[in-house]
Amino acid sequence: MQAEYRHRREQLMLKIGNGTAIFRSAPTAVMHNDVEYNFRQDSDFFYLTGFNEPQAVAVLAPHHSEHRFVLFVQPKDLEKEVWSGYRCGVEAAKQEYGADEAYPITELDEKLPQYLEKADRIYYHLGRDRAFNDKILKHWQSLMRTYPKRGTGPIAIEDTGPVLHSMRLVKSQAELELMRKAADIAVEAHNHAMKFASPGRYEYEIQAEIEYIFRRHGAIGPAYPSIVASGRNSCILHYIENNRQMQDQDLLLIDAGCAYDYYNSDITRTFPVGGKFTPEQKILYEIVLNAQKQAIAQVQPGNPYKQIHDTAVRVLTEGLVGLGILTGEIDKLIEEEKYKPYYMHRTGHWLGLDVHDVGVYQHGDDKPQILQPGQVLTVEPGLYIVPDAKLAEEQPQTDPRWVGIGIRIEDDVLVTPTGHEVLTAGVPKEVHEVER
């Protein structure tokens with residue numbers, strides 16, 4: 001993969017010209033007292049370096065005569081490594097990660113100015129680490145004070161996101177291989193969950209089976225907290241308690257994906273715990289399934305991204321009108337967003353190193369994002385007839401037979417040169433396939 005990371009850095013350096021880009025590793029996070037969460041590298045940092053340790057900084061300085069790629073890392077420390085794991089160290093950072101130069105992270109303040117003083121701007125994302133933000137700003141202010149003497153130096157700070165994230169939006173073949181693996185693992189987990197679920201089991205039992213399969217196949221773990229929502233819990237979009245005992249006529253909504261070598265999958269299926277839909281469940285399920293199929297059909301190179309959502313909204317609105325849950329003229333209901341009490345989220349998101357991956361969805365009001373080969377996105381329409389009156393204040397009085405039904409169907413879809421490929425097609429979703 002080192003050739004892949006090097007290629008990405010070269011692409012980015014072409015884009016920033018005479019600038020210098022600075023990337024900070026992810027911070028460590030405390031779970032409780034002195035126990036830390038498992039470290040997860042910052043996605044931008046990992047995308048460019050493959051380096052998976054905290055307390056590191058990457059600098060890209062294409063204008064520098066010798067050191068175009070520089071890493072600042074934790075030095076080797078045998079005593080600390082016994083407690084918290086091996087470190088790459090300064091020398092290996094050059095040998096294993098292709099840095100032109102590497103320094104201990106403690107020398108950042110001393111060494112960084114030489115990579116900034118001839119740059120015309122600094123590319124840096126002002127993140128949540130205020131102390132590090134202040135450090136970069138102070139270096140910039142110091143260089144600006146001496147700018148009149150030299151006539152060189154960064155006169156502006158520009159966010160790295162717009163430059164780098166357009167690159168991350170289109171996946172390479174190496175990335176797609178990892179995403180296919182993440183998808184395949186999640187497909188197996190969902191298929192097992194459909195067979196394992198039965199009345200009397202608890203939601204957390206299903207979660208345990210799913211996440212066991214993730215780890216058994218080499219995934220880092222869940223891509224996000226697994227949602228295993230039965231009965232009325234299926235109307236809670238981000239339900240993660242997963243502690244209810246499932247009953248015979250419940251629907252079970254499972255939204256779960258895995259992270260494989262940092263790349264993510266994201267699948268949702270909804271199916272009857274007891275094996276058969278009730279008439280009402282089946283009607284709503286078929287509306288959502290039809291919406292998803294028609295939305296996926298819009299995943300074509302050259303189509304606007306928003307066309308996927310617009311298509312799903314129309315099919316769902318037509319379905320709600322057909323059931324009498326909504327009344328009125330379709331176009332007006334859509335314009336006034338009368339569907340939103342029943343469908344309150346978008347139809348999908350970009351997928352990659354982040355579950356909700358980077359990349360814009362719209363370039364201003366009149367310039368939509370156009371789909372192109374190599375992009376990966378989710379398509380996930382849903383309907384939720386919320387049972388809690390306080391949560392459902394915006395929902396008109398709904399026939400009680402629909403109340404408490406929540407349905408979402410989600411697949412991961414790759415834009416191809418000639419259309420699309422559903423990476424997660426191995427999980428059944430037709431009514432006759434999910435019933436038993």
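**Entry 1: Ser 43**

I started with Ser 43 and found it in helix H2. Helices here are DSSP runs of H or I with at least four residues, strands are E runs of at least two, and both are numbered from the N terminus. This is a predicted model, in which local features need pLDDT of at least 70, side-chain atom pairs count only at pLDDT 80 or more, and totals for chains, interfaces and linings use all residues. Residues are numbered from 1 along each chain as its sequence is written, and side-chain values use heavy atoms, with hydrogens and water left out.

Is Ser 43 buried or exposed? I read 5% relative accessibility, so Ser 43 counts as buried. (Buried means under 20% relative accessible area, exposed over 50%, and partly exposed in between, with a 1.4 Å probe and protein chains only.) Next I looked up what Ser 43 touches: Arg 168, Leu 353 and Asp 354, not counting residues up to four places away in sequence. Contact means heavy atoms within 4.5 Å.

**Entry 2: aromatic pairs**

I searched the whole structure and got 11 aromatic pairs. (Rings of Phe, Tyr and Trp, the last by its six-membered ring, pair if their centres lie within 6.5 Å; planes under 30 degrees apart are stacked, over 60 edge-to-face, and the rest tilted.)

One of them joins Tyr 5 and Phe 46, with ring centres 6.1 Å apart and planes at 75 degrees, so I noted the pair as edge-to-face. Tyr 5 lies in helix H1 (residues 2–16) and Phe 46 in helix H2 (residues 43–49), so the pair ties together parts that are 41 residues apart in sequence. Both Tyr 5 and Phe 46 are buried. I also saw that Tyr 5, Phe 46 and Tyr 262 form one aromatic cluster.

Then I turned to Trp 350 and Tyr 361: their ring centres are 5.4 Å apart and their planes at 10 degrees, so this pair is stacked. Trp 350 and Tyr 361 both lie in the loop between helix H13 (330–335) and strand S15 (376–379), so the pair ties together parts 11 residues apart in sequence. Trp 350 is buried, at 0% relative accessible area, whereas Tyr 361 is partly exposed, at 30%.

**Entry 3: H1 and H8**

How do H1 and helix H8 (residues 161–169) pack? I found an angle of about 140 degrees, with the axes 10 Å apart. (Axes are lines fitted to C-alpha atoms, for helices over the stretch in contact, and angles run from 0 to 180 degrees between N-to-C directions.) H1 and H8 are therefore oblique to each other. (Under 35 degrees is roughly parallel, over 145 roughly antiparallel, 65 to 115 roughly perpendicular, and the rest oblique.)

From H1, Arg 8, Gln 11, Leu 12, Lys 15 and Ile 16 meet Val 163, Leu 164, Ser 166 and Met 167 of H8.

**Entry 4: H9 and H10**

My other helix pair was H9 (residues 173–196) and H10 (residues 203–216), whose axes come within 9 Å and cross at roughly 150 degrees. That makes H9 roughly antiparallel to H10. Among the contact residues I listed Ile 185 and Phe 196 of H9, and Ile 206 and Arg 216 of H10.

**Entry 5: the whole protein**

Last, I zoomed out. I noted 14 helices and 19 strands, and a C-alpha trace spanning about 75 × 55 × 45 Å along its principal axes. Of the 436 residues, 52% count as buried. Among contacts between residues at least 6 apart in sequence, 71% join residues at least 24 apart.
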